[in-house]
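Visitor: I have a model open and would like to learn how to read it. Where shall we begin?

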Amino acid sequence: MPKFSQTLAFIACIAVPLAMWFSPLGLEPQTQHGLAIVSFMVLAWITQVMEFAIAGLIGCFLFWALGVVRFNVAFGGFANDTPWFLFAALLLGRIAGKSGIARRLAYSVMLRVGSTYPKILLGIIVTDFLLTFIVPSGLARVAILATIALALIEGFRAEKGSNVARGMFLIMTYTGNLFDKMILAGAGSITAGGAMSKFGGVEVLWAQWLFAFLPCSIVTVLIAWRVTLWLYPPEQQTLVGGTEFFRAELQKMGPWSFAEKKAAALIAVAILLWVTDFVHHFPPAMIALGVGLFALLPPVGILDEEDMRKLNYMPVFFVAAAVSMGNVLEVTKGLDVLTRVVFAGIEPVTGNIHLLTAAMYWIGFVYHFFLASEISMLGTSMPLVMAFAKAHSMSPLMLGLIWTFSAGGKLFAYQSGVLVLGYSYGYFEARDLVKIGLCLTVAEFAVLMLLVPFYWPLIGIH
């Protein structure tokens, strides 16, 4: 951000909260003061005037220091399981990346799909989806797939601006963002699930989330593949060297190492426990954290203290601060005020499931333009969605899933760290993201309009 623009943004982040704090709005002082500090946090997240986690921590401190709420409420998000689930997801991603199992899975899938560009492109999308189970972080998956894509581009002898290179990087980046919403993985869905559990009072099961969006995941793989081939037809159809390229890469990795076997066993245990959580009801966060911490034990030897030092803890602090903000809004009654304002236009359609689904999806899509990060978008709005659902005797789980899914549709890189990372490689431009984003956002909406009224009631979501 240019220095002048940053200065203006910072002034707005101070001026607006001050105006809200002292204006005669007719609200209870605790409610008004809480909303004033919330406005600082949201404006800082929208303008990106500072790191998201820093803005969140400052907001939590102000809630406490200015006497809006007590310390245990102001920083209550840090005692919630949502940020710890995200921390555990980072550990699982580190396990898959460090052991080499993620790359082995990627090359194994690519070896089986074939050596033509359409088949390789399909293999990249399928691999992205499968990696979501063992690397629950879109950023980590893009980083893993990027190394493979770069080798493939070289194998195709493609130029940087070619459709071959553009299509591969574009679709692996965009689907990396999408699949995070269809599985309870990644910071966005983890934040949403935690808010749904706390503010909606519903049990959020990993398996139920998976099966709710499984048809959409399958359709997304096919639609993303066809749309990319349509928008970016390849200049060259066949990879030089054919499938031998992938076989050679696997041979370089050698036989399965002991570290890979241990990592595979741990990840398999986590997935098995997640898929069967409707039986034992262990929280997904508990399972993930247990597996991640077990990997850190010296006798296990998969991760060590150096791996802990390399983790990026900022998203964890950010999510904890967003959850804390929701706690404050609930305690100060600011949640009731915001719910009436934000969802006033939806009330007339609450009796029609088709209109309600469409309204929730597109309002969430537009709302996301103003809150750059999907974590901030879901963290700030999900408590409102849950309050709206309870006020109108509707299913908090259903509305929460629709709202979370609406965060998947994006047109601009600033809306997601995953998109920013993919864009940073320089293989596609901003207008490419708009084109693929528009196509997939409309396609996802069409699938959702079939899932919610017809499929979800069959699996107990209604």
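Guide: Start with the surface. The accessible surface of the protein comes to about 18,500 Å². Carbon and sulfur atoms hold 68% of that area. Keep in mind that this is a predicted model.

Visitor: What share of the residues is buried?

Guide: Buried residues make up 57% of the 462 in the protein.

Visitor: What does the radius of gyration say about the overall form?

Guide: Compare the value with the one for a compact globule. For 462 residues that would be near 23 Å, and the protein has 22 Å, which agrees. Along the principal axes, the C-alpha atoms fill a box of roughly 70 × 55 × 50 Å.

Visitor: How many helices and strands are there?

Guide: The count is 23 helices and zero strands.

Visitor: Which residues of helix H18 are buried, and what do they pack against?

Guide: H18 covers residues 334–342, and its buried residues are Gly334, Leu335, Val337 and Thr339. The buried residues of H18 pack against helix H2 (29–47), helix H17 (314–331) and helix H20 (374–391).

Visitor: How do I read an aromatic pair?

Guide: Two values describe a pair of aromatic rings: the distance of the centres and the angle of the planes. A search of the whole structure finds 30 aromatic pairs. Take Phe85 and Trp274: the ring centres are 6.5 Å apart and the planes are at 50°, so the pair is tilted.

Visitor: Where do Phe85 and Trp274 sit?

Guide: Phe85 is in helix H5 (residues 81–99) and Trp274 is in helix H13 (residues 258–275), so the pair ties together parts 189 residues apart in sequence. Both Phe85 and Trp274 are buried.

Visitor: Show me another pair.

Guide: Trp362 and Phe445 also form a tilted aromatic pair, at 5.2 Å centre to centre with 55° between the planes. Trp362 lies in helix H19 (residues 353–370) and Phe445 in helix H23 (residues 430–455), so this pair ties together parts 83 residues apart in sequence.

Visitor: Which aromatic cluster holds Trp362 and Phe445?

Guide: One cluster is formed by Trp209, Phe213, Tyr361, Trp362, Phe365, Phe405, Phe445 and Trp456.

Visitor: What surrounds Glu444?

Guide: Glu444 is in helix H23. With 3% relative accessibility, Glu444 counts as buried. Leaving aside neighbours within four places in sequence, Glu444 is in contact with Leu178, Met182, Cys216, Thr220, Tyr361 and Phe405. Glu444 and Tyr361 are 83 residues apart in sequence, and their C-alpha atoms are 9.9 Å apart.

Visitor: How does Ala149 read in the same terms?

Guide: Ala149 is in helix H8 (residues 138–156). At 1% relative accessibility, Ala149 is buried. Beyond its neighbours within four places in sequence, Ala149 is in contact with Met168, Phe169 and Met172.

Visitor: What should I check in the backbone?

Guide: Most residues other than glycine have a negative phi. Arg157 has a positive one, near 55°. His281 has a positive phi of about 60° and is not a glycine.

Visitor: Where are Arg157 and His281 found?

Guide: Arg157 is in the loop between H8 and helix H9 (163–182). Its relative accessible area is 65%, so Arg157 is exposed. His281 is in the loop between helix H14 (277–280) and helix H15 (284–295). At 40% relative accessibility, His281 counts as partly exposed.

Definitions and conventions. Residues are numbered from 1 along each chain as its sequence is written. This is a predicted model: local features need pLDDT of at least 70, side-chain atom pairs count only at pLDDT 80 or more; totals for chains, interfaces and linings use all residues. Side-chain values use heavy atoms; hydrogens and water are left out. Helices (H or I, at least four residues) and strands (E, at least two) are DSSP runs, numbered from the N terminus. The radius of gyration is taken over C-alpha atoms; the globule rule is 2.2 Å times the number of residues to the power 0.38. Buried means under 20% relative accessible area, exposed over 50%, partly exposed in between (1.4 Å probe, protein chains only). Accessible areas come from the Shrake-Rupley method with a 1.4 Å probe; for residues, only the protein chains shown count as cover. Rings of Phe, Tyr and Trp (its six-membered ring) pair if their centres lie within 6.5 Å; planes under 30 degrees apart count as stacked, over 60 as edge-to-face and the rest as tilted. Contact means heavy atoms within 4.5 Å.
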